[in-house]
Amino acid sequence: MSLQTHEAAPISDVRVRHVVMPKEDPTWRFALGARADSVGVLLEMEDADGVVGLGYASEVPHLGYDIDVLEAVVRARTAVARQAPALDRQALVGSPWQQSLPAPVRSLFDMAWHDLVAKKAGVPLYRLLGGRSGVTLRVNRILALKTPDEMAAVAAGLAAEGYDHFKIKIECRPMALDIARIRAIREAVGPGAVMTIDANQSYTAKEAVILGEAIADTGVQVFEQPVPRGDIAGLRWVRTRSNLTIEADESADSLESVAAMLKAEAVDAVSLKLSKLGGIDALMIAANLCAAQGVGARIGAHVGSRIMNAAALHAASALPHIEPFAELGEFARLTNDVARGLEVVDGGIAVPTRPGLGVSLV
Ligand SMILES: [Mg+2]
């Protein structure tokens, strides 16, 4: 079955809900901000046969996507969906390269459309995307900025739950504190755990190289977004001088920017997120562009509902070159999810097998 030729019934109802997901740890903080909850928008798109597709988008203030704007655009866009004579994906989402709607809004409608179409077909979404069955990714859990001892204690608790991949937030205020954090966490999780670091743009290129040398003995593998998002030359400069895998996150905020970074040979890997790129198709295009250039493609954090995490996991299942660990477990530290049907088991997450995204509303 082709997604493009599938005939769907007209949309009969579109519902939008504001969602607040309090964090279990209200002091959770990274280099670009802190807040005690994750807020987002839920979309339920129902067709005339009563089948409902689910979409979700979280606020991403550090990329310029505030919740008020996202929610207003989603609500305005529902008028387009309601007037569609049939479930018209092009009308809802536009082209993956189109920038006229905020990327999280495109992602939300795209997600709901994919969920609905796969449910109508009675198959898990990854099958419509050409994916393999039974894909399980290791879950890279993110450690928020705290004292070294506090971060090590959080990491030890997660390791006891079965996690073996950890992403350490750093901030370069001062660098010595980051080094102490990394060493304390390595001590806590043991030599076998995979460790990555994420500066969220808080280092200069020179500082990033110095840090890389200072932690060479700790076995950290990936250094995510060391420098400001616009500093592509800086990313490349760090890449050519560091043994760490240099990964872009905030710099990879659209398909265009991914393509530009590949052309500049600026990074070794790219963190892919539905909300940055604008949906499943866009994420898969970005991943395939990376693979064609020999650059790593990894599924980054989808902080918010299980709905988003399930969508990213289905896409990953259809990407043979995707990195085997992903940041798809952050829902575990949030409460009040509107959806269920996806859990981390022993530090891994398996693609759902039920029709559509495989998650349902609570
Ligand atoms: Mg990041």
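Contact here means heavy atoms within 4.5 Å. This is a predicted model, where local features need pLDDT of at least 70 and side-chain atom pairs count only at pLDDT 80 or more, while totals for chains, interfaces and linings use all residues. Residues are numbered from 1 along each chain as its sequence is written, and side-chain values use heavy atoms, with hydrogens and water left out.

**View 1. Domain 1 meets domain 2.** The domain assignment (bounds from an automatic or database source) gives domain 1 as 11-122 and domain 2 as 128-361. Their centres, taken over C-alpha atoms, are 22 Å apart. Across the boundary, 42 residues of domain 1 are in contact with 51 residues of domain 2. About 3800 Å² is buried between the two domains, with 64% from carbon and sulfur atoms; buried area is the accessible area (1.4 Å probe) that two parts lose on being put together, summed over both.

**View 2. Helix α5 packs with helix α6.** Helices are DSSP runs (H or I, at least four residues) numbered from the N terminus. Here α5 (residues 148-160) and α6 (residues 175-189) pack at about 30 degrees, their axes 8 Å apart; axes are lines fitted to C-alpha atoms over the stretch in contact, and angles run from 0 to 180 degrees between N-to-C directions. The pair is therefore roughly parallel (angles under 35 degrees). Among the α5 residues that meet α6 are Met151 and Ala155.

**View 3. Helix α7 with helix α8.** The axes of α7 (residues 205-214) and α8 (residues 232-241) come within 9 Å and cross at roughly 25 degrees. The contact includes Val209 of α7 and Trp237 of α8.

Methods. Helices (H or I, at least four residues) and strands (E, at least two) are DSSP runs, numbered from the N terminus. Angles under 35 degrees count as roughly parallel, over 145 as roughly antiparallel, 65 to 115 as roughly perpendicular and the rest as oblique.
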